[in-house]
Amino acid sequence: MDQPGGAQLRRRLGRADLRAVPEVRKALRELLRHWGRPGRAEIAELLTSELVTNALVHTDEDAVLTATVGPRRLRVEVRDFVGSRPTLRVPDADDGTHGRGLVLVQSLADAWGVRSHGVGKAVWFELDGGAV
């Protein structure tokens, strides 16, 4: 990360509370208002929505979002309390919009991964803000 003292957004997300998705997007948009090249904040919103939605839909548990922004890099992490790791799968054309979240993260993030915790895991991504 750029600086330990970078701006941070942290939210606890209630179990299966999909109303949290637009609320998180709005808060992240405010945090990133003056950050990065054009279009980077919008990509961050999209990828954050995917991680938050996955955590709320696939775990049936609470989750915690942490977004840390520095002058050159953004890191977003969504931690849940279920140990099963997400699987990257090829979306099926007949499956509507399901199965595309991690493919988007893999395609658009500069880095991403899954880190195990004592209870649960954190799925994260990083974006380089580039020169503004």
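Predicted model: local features only at pLDDT ≥ 70, side-chain atom pairs only at ≥ 80, totals over all residues.
Visitor: Over how many bridges do strand 4 and strand 5 pair?
Guide: Strand 5 covers residues 121-128, and its pairing with strand 4 is antiparallel. The pairing of strand 4 and strand 5 runs over six bridges.

Visitor: In what order do the strands of the sheet lie?
Guide: The sheet is open and made of five strands, with antiparallel pairing. Strand 1 (7-13) and strand 4 (111-116) are the edge strands, as each pairs on one side only. Neighbouring strands are turned by 15° against each other on average, direction ignored. The order is 1-2-3-5-4.

Visitor: Which strands does helix 2 touch?
Guide: Helix 2 (residues 40-59) packs on the sheet, and its direction makes about 170° with that of strand 5. The strands touched by helix 2 are strand 1, strand 2 (63-69), strand 3 (73-80) and strand 5.

Visitor: In what order do the elements run from the N terminus on?
Guide: The protein has three helices and five strands. From the N terminus on, these elements run β-α-α-β-β-α-β-β.

Visitor: Is Val 57 buried, partly exposed or exposed?
Guide: Val 57 lies in helix 2. Buried means under 20% relative accessible area and exposed means over 50%. The relative accessible area of Val 57 is 49%, so Val 57 is partly exposed.

Visitor: What separation do the C-alpha atoms of Val 57 and Arg 15 have?
Guide: Along the chain, Val 57 and Arg 15 are 42 residues apart. The separation of their C-alpha atoms is 8.5 Å.

Visitor: Over which ring does the charged end of Arg 75 sit?
Guide: The charged end of Arg 75 is 4.3 Å from the centre of the ring in question. As for pairs of aromatic rings, a search of the whole structure finds zero. The ring under the charged end of Arg 75 is that of Trp 124.

Visitor: What share of the residues is buried?
Guide: The protein has 132 residues. It exposes about 7,400 Å², of which carbon and sulfur atoms supply 50%. The buried share of the residues is 39%.

Definitions and conventions. Residues numbered from 1 in each chain as written. Heavy atoms only, no water. Pairing = 2+ DSSP bridges. Helix = DSSP H or I, 4+ residues; strand = E, 2+ residues; numbered from the N terminus. Axes fitted to C-alpha atoms, helices over the stretch in contact; angles between N-to-C directions. Contact = heavy atoms within 4.5 Å. Buried < 20%, exposed > 50% of the residue type's maximum accessible area, 1.4 Å probe, protein only. Areas by Shrake-Rupley, 256 points an atom, 1.4 Å probe, with all protein chains shown as cover. Phe/Tyr/Trp six-rings, centres within 6.5 Å; stacked < 30°, edge-to-face > 60°. Lys NZ or Arg CZ within 6 Å of the ring centre and 35° of its normal.
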